Amino acid sequence: MAKTRAYAFLGGKISKVSLEKAAQLRGKPGVVIWADIEEPSKHDLAFLEKGFGFHHLAVEDASNTRQRSKVEEYRDFVFIVLRVFPKGSCEATQLNIFLDGNIIVTVHFKCIESVIEVANDLEKNPTLLGKGPDFLAYTLIDQCVDDLFPHLDEIEDSVDDFEDRMLKATSPEETAATLKMLFGMKKRNLAVRKIAWPMRDVLTVLARRDYKYVKEENVPYFRDVYDHMLRITDMTEMNREVLSASMEAYLAVISNNLNVVMKKLAAIAGIFAVPMVIGSIYGMNFVNMPELQYDWGYYIALGEMLFASCLMFMYFRVNKWL
Amino acid sequence: MAKTRAYAFLGGKISKVSLEKAAQLRGKPGVVIWADIEEPSKHDLAFLEKGFGFHHLAVEDASNTRQRSKVEEYRDFVFIVLRVFPKGSCEATQLNIFLDGNIIVTVHFKCIESVIEVANDLEKNPTLLGKGPDFLAYTLIDQCVDDLFPHLDEIEDSVDDFEDRMLKATSPEETAATLKMLFGMKKRNLAVRKIAWPMRDVLTVLARRDYKYVKEENVPYFRDVYDHMLRITDMTEMNREVLSASMEAYLAVISNNLNVVMKKLAAIAGIFAVPMVIGSIYGMNFVNMPELQYDWGYYIALGEMLFASCLMFMYFRVNKWL
Amino acid sequence: MAKTRAYAFLGGKISKVSLEKAAQLRGKPGVVIWADIEEPSKHDLAFLEKGFGFHHLAVEDASNTRQRSKVEEYRDFVFIVLRVFPKGSCEATQLNIFLDGNIIVTVHFKCIESVIEVANDLEKNPTLLGKGPDFLAYTLIDQCVDDLFPHLDEIEDSVDDFEDRMLKATSPEETAATLKMLFGMKKRNLAVRKIAWPMRDVLTVLARRDYKYVKEENVPYFRDVYDHMLRITDMTEMNREVLSASMEAYLAVISNNLNVVMKKLAAIAGIFAVPMVIGSIYGMNFVNMPELQYDWGYYIALGEMLFASCLMFMYFRVNKWL
Amino acid sequence: MAKTRAYAFLGGKISKVSLEKAAQLRGKPGVVIWADIEEPSKHDLAFLEKGFGFHHLAVEDASNTRQRSKVEEYRDFVFIVLRVFPKGSCEATQLNIFLDGNIIVTVHFKCIESVIEVANDLEKNPTLLGKGPDFLAYTLIDQCVDDLFPHLDEIEDSVDDFEDRMLKATSPEETAATLKMLFGMKKRNLAVRKIAWPMRDVLTVLARRDYKYVKEENVPYFRDVYDHMLRITDMTEMNREVLSASMEAYLAVISNNLNVVMKKLAAIAGIFAVPMVIGSIYGMNFVNMPELQYDWGYYIALGEMLFASCLMFMYFRVNKWL
Amino acid sequence: MAKTRAYAFLGGKISKVSLEKAAQLRGKPGVVIWADIEEPSKHDLAFLEKGFGFHHLAVEDASNTRQRSKVEEYRDFVFIVLRVFPKGSCEATQLNIFLDGNIIVTVHFKCIESVIEVANDLEKNPTLLGKGPDFLAYTLIDQCVDDLFPHLDEIEDSVDDFEDRMLKATSPEETAATLKMLFGMKKRNLAVRKIAWPMRDVLTVLARRDYKYVKEENVPYFRDVYDHMLRITDMTEMNREVLSASMEAYLAVISNNLNVVMKKLAAIAGIFAVPMVIGSIYGMNFVNMPELQYDWGYYIALGEMLFASCLMFMYFRVNKWL
C-alpha cells in the first residue's frame, strides 16, 4: 500500500495535508508543498496526472522503474529521475521528482532512507520548506549523492587492504578469495559509475545559473552538489584504474607463485633422484660387484646418498629454489 | 514473393488498400497511409521510385541490405535506415522507413516481428494511424529498441551466473565452457553495441524539438525512445567493462587452479619419494648390512616409510598444498 | 615509363587526347577532361605544374608517395590524396587527384585496378564523364572505398572461424598457427583502420553540402560514400574489439590447456608411484620378511599393485584429471 | 590551535598584523594583505564569514577537507581550492585561497611547506606582496605545482631502473619486490594524476587573458604555471603507458622464467630416469640373466648408465633446456 | 662556451654579423636576420632580454630546458619552444625560436644537427633567408619533424621482424631478448609520441591561415609540415596498437611454449615409468615367483619393458606431446 506524506508550508508553519489538498494548493502563491508517495498504487499514479496535472509521459516514466537519471522540462514543471542507492545496498532504485514553482512531488517504489531523513529534518525545522521546493530538491539530491561516498571509500579501503594481501596470501583459497574480492569491487565500482555519470548530467543542467526552476540564491547549493558529483566520478575513474592495475599485478603474483611451486617440485625431484639412482645401482644382482663385499661398503653408499642429497639441497638453496 | 500491406486512414476508419492506391494517396490532405513491403521484388523497388516518387539513391540504399542506421533528409521526404534484431536472433536486419507528411513506407527483406505487432495493434486500434505517420514511425522504432533489452538482460544474467561459476568450476571442460560463454557474451554485447550507437545518432536527430518531419506533440515520444537508447548504450558499455573484468579475473582463476594442480603434483612426488628411497636402500646387496639381520628390521623399515610419508603428508597439508 | 590516358568529353562524345591537349582544354567551357598518369616520369610531374598550372607544392606532394589521405584547397583547384589498397594487397598506395571545374587529373605510381575499371566503364558509357569531373572523382573514390570491404569481411570470417577453432585445437602447432592468424588479422585490421580514418576526414569535407568543387546534384553520391566509410570505420572498431577479446580468450584457453596437461602429468605420477613403492618394499633384502615365504605372496603383491593403481586411476578419472 | 600569519603591505613596507586588523583592511586602496590560517579553529572559520565577509558556502567548502580542486567565483571574491602534496608525501591535502582585489586569505588544515617558503621569501623581499594578491597566489600555486615534479621524476627513475631489473631478477623474492614496486609506482602516478587534472582546469580559468581577479601583467605568470601543469599531465599519461607496458612485459618475463624452470625439471627427470631403469633391470631376480655372470657386467652397466645420462645431458644442453 | 652564428640578409646578399649588430638590426626594414646561439652563457641570455628586447618570461623559458613544445605570442614577437630529437638519439632536447617580422633567433643548449644543416644550406643559397624569418623557421621545423620518421620506421621494421621471430625463437634467452626489444620499442614509440603531440599543437597554430607572424605565401609550407606531423601521430598510434598486440600475442606464445615443455615432461615421465614398474616387480624377493625360473623370463621382461615404452612413445607421438 502506498505510504503518502504531504506537507504544506504557509506563513512560517508547516502542516500535514492530504494528497488531494496538496494537489489543490498547486500554484497557490505563498504556499510551498511537498508530497512524497512511496510504493504508489495505480490510483496514485493516475492522480498525479489528473489531480496534479502532470504530463502523462512523465507519469508513465515515473511508473517504469528502469529509467536512467534524467531531467526533462515540460511546459509547466520539470521532471527529474534519479537512480540512487538505498543505504548499504548496491541495487539502484529510482527516485522521481516533479518540481514546479511552489510544489515538489517525490515518487518512489522502494523505501529510500534519505527521503525519510529529509522528512524528519523538515518536521524539526519547518523553514526548510520555506526556502522553496527547489531547495528541498537540493537537500534530497545532496543526501542521495552523499550516500555514494561510503561505497567508494569501502572500495578504496579494499584496495589498500589488497596491497597488503597481494604478496602475503599464497594459498589457493586465499588467492581465490582475493580474486573474488577484486572482482566484486570492480562490479561495485561499475555500479556506482553507472549511476554517477547520468546523475552528473542531471546536475549540470540544474546547476546552470539561469535554470528556470531553481531560484538564483539556491544555485550555489546545486553547484556544490555538482562538485561532489565531480569528485565521485573522479573517484570511480581512479578506482577503476587502481582495480585494473591490481588485477594485472595479481595475475603476475599468481604466476610468480607458480614459479615458486615449480622450483620446489624440481628441487624435490633433484634431491631424491640421486639416492634412488645409487640405491638401484647397488641393488643390481651382478656376481662380480666388488664394493658389495667391502665391510664398509653399505655405510659408504649411505654416505654417498646423504652427501649427494645435501649437495643438491645446497645447490637449490643457494639458487633460491627452496 | 513480396508481402505487401497497405493501410489508409481516413475519417477515423482504416482500410486496406493496394500499393498503387497508397502511392496515389501520397500528399492527399486528411489521409494517413502506411505501406509495408516485405521481401520487395525488383518491381516493388522500382515502384518506390516511380509510384511513390522517392529519390532513387534512397531506394538504392533500401535495396542494399548492408546499410548502417542513418537518417537522410531528401527534398520532400526523410529516409530512415534502422538495423534491428529480429526477435531472439543476433543477426541484424535492416528496416527502411520512408517518411513524409502523410505517408510512411516501410521496406524490409526479412520478417521483422515488431512490424507485425504494430500492424496487429493497428487493426485493433485504427486511431494509431490517425496520430500521423511520425507517430507510427515512433511505435515501430520503440518496438525495435525495446527488443534490444532482452539481449542485454541475458548478458547481465550470464555475468551474474559467471560470478557463481568462476571459483567453483575447476574441471577443464567446465572452464572451456565458461570461456566460450564469456567470449560469446562479449561478441553478443558488441553486436548490440554496433547497432545501438548509429541508432542513437538517428534518434538524436529525430528527437530534436524542431525536426520537420515530427509533429511537435510527438517529440516527447521520440525523446522517450532516445532515453531508452541512452540506457542501452550505457548498458552495453557497462557490460563491456564487466565482461572484460570477468575474462581477466577468469584468467587469474585458471592460473590459480594451475597452482593448485602443481602443488598437488609436488606433494605426490614428495610423499612417494621417501619410501622409495628407503626401499632402494634396503634393496642394496651389500654383504655387510647389519639391519637386514635384525628380526624387526623389516617392520622398522616399513614403519620408517609410513612415518616419513605421513610427515610429508602433514607438511603439505599444513602448507595447504594438499 | 609513364602510362598516360586522357579523355575529353565534348558534345556527348568521348575522345582520347594527348596530355598536352588535355592541359590546353583546362577551363574550356563545355569540355570535361580526365587525364590519368601512371608511374609519372619527372617530365610528367613538371608538366603538371607547367602544363596544367597546378601549384608546385601540390605537385611535390603528388610525387612523394608517403602522404596521408587529405584534401587541400588551392586557389583554383582542389588536391586530393587518397591512400588505397590495390586489389588483394594490404600495402597501401597513393592516388592523387587534381580536381577543377572541368578537369580531373589522377596521378599514381602503382597500377590501381579501380582506376582501370573506371576507365573501362567510361569507354563503354561516355556520359559518365558528362556528369562532371566531380562525378568521376566520386566513381573513383567509391571504387576505392568498396575495395576495403573484402578485407574486413575476411577478418570477420576469420573471427567466426576462430570461435570454432578456439577450443578444438590443442596441439602446439595448431595453437601457434591460430596465434599467428589472430596477430595477422589484427595487423590487417589496423592497416585498414590506418587508411580509413584519414579517408573519412577527406569525405567529410567532400560531402559537405556547399563544397565548391562538388556540384549540388552530386552531393548525395559523396554522402553515400561517406556512409560507406562510416560503416568501414565502425567495422574496424568492432573487429578490433573482437580480435582483442579473441586474443584474451585464447590466452585463457592456452592456460586451461596447460591445466589439462599438468593434471595428466600428476595422474601419471600418482598411478605409477604406488606399484613402485610396493615393488621396492618387497625388493628389500631383510632376512625376516614373512610375506616373502608365502606361496601366494607374489600374487598378492601383484594384486595390491593393480588394485592401488586402479584406485588411483579411478580417483583421477572421477576428478576429471584424466 | 590555529597558527595565523597576516601581512599588510603599505607604502613599500610590510608589517605583521592581527587577523582582525587584516579583515578591516579588506578593500582599503593602496594596501595589500595576505592572511594565512593553519589548522583553523571553529572561531577562525566563523571569522572568515563574519570578519572578512566571505560567502558562507565558500567557508563551508574550506572547512570540508575532501574538496576537489576548483575555482568558484562569488560576487565580490574568488574562492580557489587546490589539492596539493605536502613535500615528500603522497597524501593530498587541501589549500583554500580566498582572493579579492587587495586581499588573499589562505586556509589549510595541515602544514604545507610551500606556504612557509613563500612566507619566508616575503619577509626577505616585501615587494613580492606589492605586486598584488594575484601575484602572491601565483607564487603559491607555482610552488605547489613544482612540488609535483619530484614525484614524477622518481617514477621515471623507477621505470628506468625496472628496465635493468626486468630480465636480471629471477628469484621469487626479487620478482615479488619488483611487482610491488611497479604497483606502487602505478598508484603513485594515479595519485598525481588525480590531483593534476582538476588543478589544470583551475589554471585554465586563472590563465584566461580577461580573468577579473588576475591583473593583465600577471597573466603570463599564470600561463607559465599552466604550461607546467600541461607538462605534468603529459608526464602522468606517459608514465601510465610505460607502467602498463612494464607490467605486461614483466608478466611475460615471469612466464618465460617458468619455462626455464620447467625445462630444468624435465631435464632432471630425463637425466636420472635412464640409470634408474637400467638399475631396476639388473636388479631383477631372474635365474637366467647371463649378463649378471659376466666379470665386467657391473662395469658395463655403470658405463651404460653414465653414457645414457651424459647423452641426455648433452641433448638438453644443446636444446638449451639446461 | 656559447657558439654564436648570426646572418644578416640585405640586398640579396648574406653576411655574418656579431650578435650585437644583429640586435641593432631588429626591426630595420629590408633586412632579415638569423641569430643562432648554442649553449648560451648567462650573459647571452641576459642579452636576449636587454639587447633584443624579448620579454623576460620568454627568455626564462628558453633557459629552462624542460619546457614542453609550445607557441606563445607576446606583444611584439612570438616565442616557439620545440622539443626535438638530435639525430640518432632518443633523448629530446629543446629548440627555442624567437620570431619577429624581420628576425629569427634560435637558442639551444645542445648541438642540433638540423640547425647546422640549415646553416650550411643558407651559406650555399643566401636567398633562403630572403624569404623571411618565417620561412627559415619553417625549414628548421621541417628538418626537426623529418628527423622523427627514421625512429618510426625502425619501430615498424622491428615489428615486421618480430612477426618472423615470434614463433621461431623458443629458447629462454631469445625470448628474453625479444621481450626486451618489444619493451624498448614501446618506450621509444612513447618518446616520439610524447614530443609529437605538443608539436602538432604548435603547428596547428602556425599553419593557421591568418597567423600574424607567418606570411600568407608561406602558410602552405607550414600546412605541409603539419600534414607530416599528422602522419607521425598516426604512425605512433598505429605502432602503439601493433606493439600492444605483439606483447599480448607473445605472452600467448610463451604460454604455448610452456605447454610444449610440459607435454614433453609428462611424456618422459610416462615412457620411463612403465619399465621401472616392471623392473621393480621382478626385483621383489618372493620365494615363489615362477616367472623367475623360466629360461626366457628375463628376455620376456625386457621385451615387455621395450614394448610398453614404445607403446607409450607412440601414444604421445600421435597425440603430438612429443
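## Buried area between chain A and chain B

Buried area is the accessible area, taken with a 1.4 Å probe, that two parts lose on being put together, summed over both. In this predicted model, chain A and chain B bury about 5100 Å² between them. Carbon and sulfur atoms account for 65% of that area. Three residues of chain A, namely R66(A), F183(A) and Y298(A), supply 15% of the area that chain A buries against chain B, which is more than any other three residues.

The contact draws 60 residues from chain A and 59 residues from chain B.

## The side of chain A that touches chain B

Five elements of chain A each supply at least two residues of the side that touches chain B: α3 (56–63), β4 (70–73), α8 (172–206), α9 (219–282) and α10 (297–318). Of these, α9(A) gives the most, with 19 residues. Sorted by class, this side of chain A has 30 nonpolar, 13 polar and 17 charged residues.

## Contact between chain E and chain C

A further interface is formed by chain E and chain C, where 58 residues of chain E are in contact with 60 residues of chain C. The area buried between chain E and chain C is about 5100 Å², and carbon and sulfur atoms give 65% of it.

The interface of chain E and chain C has 9 salt bridges. Among them is the pairing of the side chains of K186(C) and E248(E), at 3.7 Å from N to O. Polar contact across the interface of chain E and chain C involves 17 residue pairs, both residues being at pLDDT 80 or more.

## The side of chain E that touches chain C

On chain E, the elements that give two or more residues to the side touching chain C are α7 (149–168), α9 (219–282), α10 (290–293) and α11 (297–318). The largest share of this side, 37 residues, comes from α9(E). By class, the side of chain E that touches chain C has 35 nonpolar, 9 polar and 14 charged residues.

Terms used
Residues are numbered from 1 along each chain as its sequence is written. Chains are lettered from A and ligands numbered from 1 in the order in which they are written. This is a predicted model: local features need pLDDT of at least 70, side-chain atom pairs count only at pLDDT 80 or more; totals for chains, interfaces and linings use all residues. Side-chain values use heavy atoms; hydrogens and water are left out. Contact means heavy atoms within 4.5 Å. Helices (H or I, at least four residues) and strands (E, at least two) are DSSP runs, numbered from the N terminus. Ala, Val, Leu, Ile, Met, Phe, Trp, Tyr, Cys and Pro count as nonpolar, Asp, Glu, Lys and Arg as charged, and the others, Gly among them, as polar. A salt bridge is a side-chain nitrogen of Lys or Arg within 4 Å of a carboxyl oxygen of Asp or Glu. A polar contact is a pair of N or O atoms within 3.5 Å; within protein, one must be able to donate a hydrogen and the other to accept it, and residues adjacent in sequence count only if both atoms are side-chain atoms.
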